[in-house]
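Please keep the sequence and the structure in view while reading.

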Amino acid sequence: MAELLLCGQICFLNIRTGEFDYHPSEMDFFPDEDNPWQEVIDKIENNWDDYIRIEPMNSNQSYAVMETFADQLEADGFRKKLLTALNRPKPF
């Protein structure tokens, strides 16, 4: 799921089964009558109460997660390297 989120997919976790489905966050490039994700979309919409929607993080959220991770590292040298990299312009 993490890889899919990094690639811009929206994931949906089925809270009853533990399985997940996904589809691209941008659907504008698919014609309405020929959307390859329509079956997944219909499945989720018809069982909406069974799903939790998980969206990709924006860059500010991603930065905060990485900064929190770096702050929690016990290896002081590695922590300093990560924090230095995060504080450079355009850390991504």
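Q: How many disulfides does a search of the whole structure find?
A: In this predicted model, the search of the whole structure finds zero disulfides.

Q: What makes C7 count as buried or exposed?
A: Exposed means over 50% relative accessible area. C7 has a relative accessible area of 63%, so C7 is exposed.

Q: What makes C11 count as buried or exposed?
A: Buried means under 20% relative accessible area. The value for C11 is 0%, and therefore C11 is buried.

Q: How confident is the predictor in this chain, in terms of mean pLDDT?
A: The mean pLDDT of the chain is 86, and 92% of the residues reach 70 or more. Among the elements, helix 1 (residues 2–6) has the lowest mean, 84, whereas strand 3 (residues 51–54) has the highest, 95.

Q: Which strands form the sheet, and in what order?
A: The open sheet consists of three strands in the order 2-1-3, with antiparallel pairing.

Q: Why are strand 2 and strand 3 said to stand at the edges?
A: Strand 2 (20–24) and strand 3 each have a single partner strand, so one side of each is left without a neighbour in the sheet. From one strand to the next, the twist averages 20 degrees.

Q: How do we know that strand 1 pairs with strand 2 and with strand 3?
A: Pairing requires at least two bridges between the strands. Strand 1 and strand 2 share five bridges in the antiparallel sense, and four bridges join strand 1 to strand 3, also antiparallel. Among the residue pairs, Q9 has P24 in strand 2 as its bridge partner, L13 has I52 in strand 3, and C11 stands opposite I54 in strand 3.

Q: What lies between strand 1 and strand 2 in their hairpin?
A: Five residues lie between the two strands, and G18 in the turn has a positive phi of about 80 degrees.

Q: What makes strand 1 mostly covered?
A: Five of the six residues of strand 1 are buried.

Q: Which residues make up the largest nonpolar core?
A: This core has five residues: I10, F12, V40, I44 and Y51. Strand 1 (9–14) and helix 2 (38–46) each supply at least two of the core residues. Leaving aside residues up to four places away in sequence, I44 touches F12, D21 and Y51. In soluble globular proteins, nonpolar side chains tend to be buried together.

Q: Why is D50 called buried?
A: The cut-off for buried is under 20% relative accessible area. D50 stands at 15% relative accessibility, so D50 counts as buried. D50 is located in the loop between helix 2 and strand 3. Not counting residues up to four places away in sequence, D50 touches L13, N14, I15 and R16.

Terms used: Residues are numbered from 1 along each chain as its sequence is written. Side-chain values use heavy atoms; hydrogens and water are left out. pLDDT is the predictor's confidence in each residue, from 0 to 100. A nonpolar core is a set of buried Ala, Val, Leu, Ile, Met, Phe, Trp, Tyr and Cys residues joined through side-chain atoms within 4.5 Å. Buried means under 20% relative accessible area, exposed over 50%, partly exposed in between (1.4 Å probe, protein chains only). Contact means heavy atoms within 4.5 Å. A disulfide is a pair of cysteine sulfur atoms within 2.5 Å. Axes are lines fitted to C-alpha atoms, for helices over the stretch in contact, and angles run from 0 to 180 degrees between N-to-C directions.
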